[in-house]
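Please look over the sequence and the model shown here before reading the notes that follow.

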Amino acid sequence: MELGSVTHFLKGKTILVTGATGFLGKIFVEKILRVQPDVKKLYLLLRASNPSSAAEYAQRWKDLFKVLRDKLGDDFGSFISKKVTAVIGDVSSENLGIKDVTMREKILEEIDIVTLLLAPSLMRDSILQCLLTQLGLLML
Ligand SMILES: NC(=O)c1ccc[n+]([C@@H]2O[C@H](COP(=O)([O-])OP(=O)(O)OC[C@H]3O[C@@H](n4cnc5c(N)ncnc54)[C@H](OP(=O)(O)O)[C@@H]3O)[C@@H](O)[C@H]2O)c1
């Protein structure tokens with residue numbers, strides 16, 4: 001699949017990102033925001049030991065976000081807050097470990113795409129399997 005068609009596909013989409021603190025996940029988040037700033041929203045499902053806000057996430061990996069920060073200047077903070085929402089959870093727990101029911105329902109209603117940037121064994125018995133069945137799986 002060509003980059004142009006991927007970026008076009010991602011325009012206006014809402015993505016649930018698992019593994020966003022991992023080696024591949026961090027790069028994925030930065031690249032999506034850089035190549036398709038018109039993505040609607042990225043929900044980052046993060047375990048409790050990780051950043052609890054989009055701003056903290058971007059700050060923790062500030063070197064990675066340097067290109068985007070330089071490009072957006074003063075608008076970087078508001079762009080990240082608008083496009084990225086950090087959600088505390090755990091894929092191996094019931095309901096993805098998202099305790100806030102309103103947030104959980106909002107996410108499940110809004111997402112178009114789920115990314116699995118973590119060990120496949122964690123998906124066993126997870127609600128993620130149902131989501132993949134509902135949404136289909138995009139292989140990039
Ligand atoms: N790295 C590569 O070159 C490479 C190549 C081919 C395939 N892969 C595969 O791609 C996947 C990701 O690789 P990676 O190198 O990015 O892995 P990684 O650096 O170990 O990252 C794993 C990610 O999964 C998260 N995670 C683990 N358990 C979780 C749970 N119960 N709930 C929510 N999040 C959880 C971790 O969060 P925490 O920060 O909370 O631990 C972290 O963000 C793996 O399946 C790997 O086998 C990797």
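## Briefing on the predicted model

Leaving aside neighbours within four places in sequence, tyrosine 43 is in contact with Leu16, Val17, Thr85, Val87, Ile107 and Ile111, where two residues are in contact if their C-beta atoms, placed from the backbone, lie within 7 Å. This is a predicted model, in which local features need pLDDT of at least 70 and side-chain atom pairs count only at pLDDT 80 or more, while totals for chains, interfaces and linings use all residues. Residues are numbered from 1 along each chain as its sequence is written.

**The chain as a whole**

- The secondary structure of the chain comes to seven helices and four strands, where helices (H or I, at least four residues) and strands (E, at least two) are DSSP runs numbered from the N terminus.
- Read along the sequence, these elements follow the pattern α-β-α-β-α-α-α-β-α-β-α.
- Of the 140 residues of the chain, 21% count as buried; a residue is buried if 20 or more other C-beta atoms lie within 10 Å of its own, exposed if 12 or fewer, and partly exposed in between, with C-beta atoms placed from the backbone.
- Among the contacts in the chain with a separation of 6 or more, 73% are accounted for by residues 24 or more positions apart.

**The sheet**

- Four strands form an open sheet in the order E3-E2-E1-E4, and their pairing is parallel; two strands pair if DSSP finds at least two bridges between them.
- Strand E3 (84–88) and strand E4 (113–116) stand at the edges, each with a single partner strand, so one side of each is left without a neighbour in the sheet.
- The twist averages 20° from one strand to the next, with axes taken as lines fitted to C-alpha atoms (for helices over the stretch in contact) and angles running from 0 to 180 degrees between N-to-C directions.
- Strand E1 (residues 14–18) pairs with E2 in the parallel sense over five bridges; threonine 14 stands opposite lysine 41 in E2, and valine 17 has leucine 44 of E2 as its bridge partner.
- Four of the five residues of E1 are buried, so this strand is largely enclosed by the rest of the structure.

**The core and tyrosine 43**

- The largest nonpolar core has 22 residues, and those with the most contacts inside it are Val17, Leu42, Tyr43, Leu44, Leu45 and Val87; such a core is a set of buried Ala, Val, Leu, Ile, Met, Phe, Trp, Tyr and Cys residues joined through C-beta atoms within 7 Å.
- The elements that give two or more residues to this core are E1, H2, E2, H3 and E3, and E2 gives the most, with five residues.
- Tyrosine 43 has its place in strand E2, and it counts as buried because it has 23 C-beta neighbours inside 10 Å.
- Although tyrosine 43 and isoleucine 15 are 28 residues apart in sequence, they are 6.1 Å apart in space, C-alpha to C-alpha.

**The ligand surroundings**

- The ligand is surrounded by 19 residues, of which the closest are Gly19, Thr21, Gly22, Leu24 and Leu118; a residue is near a molecule or strand if its C-beta atom, placed from the backbone, lies within 6 Å of it.
- Helix H2 (residues 23–35) supplies the largest share of this shell, three residues.
- The shell divides into nine nonpolar, eight polar and two charged residues, where Ala, Val, Leu, Ile, Met, Phe, Trp, Tyr, Cys and Pro count as nonpolar, Asp, Glu, Lys and Arg as charged, and the others, Gly among them, as polar.

- Proline 51 lies in the loop between strand E2 (41–46) and helix H3 (54–60), and it is partly exposed, with 18 other C-beta atoms within 10 Å.
- Proline 51 and alanine 86 are 35 residues apart in sequence and 7.5 Å apart in space, C-alpha to C-alpha.
- Most residues other than glycine have a negative phi.
- Asparagine 95, in the loop between E3 and helix H6 (101–110), has a positive phi near 55°, and it is partly exposed, with 13 other C-beta atoms within 10 Å.
- Leucine 96 is found in the loop between E3 and H6 and has a positive phi of about 60° although it is not a glycine; with 22 C-beta neighbours inside 10 Å, leucine 96 counts as buried.
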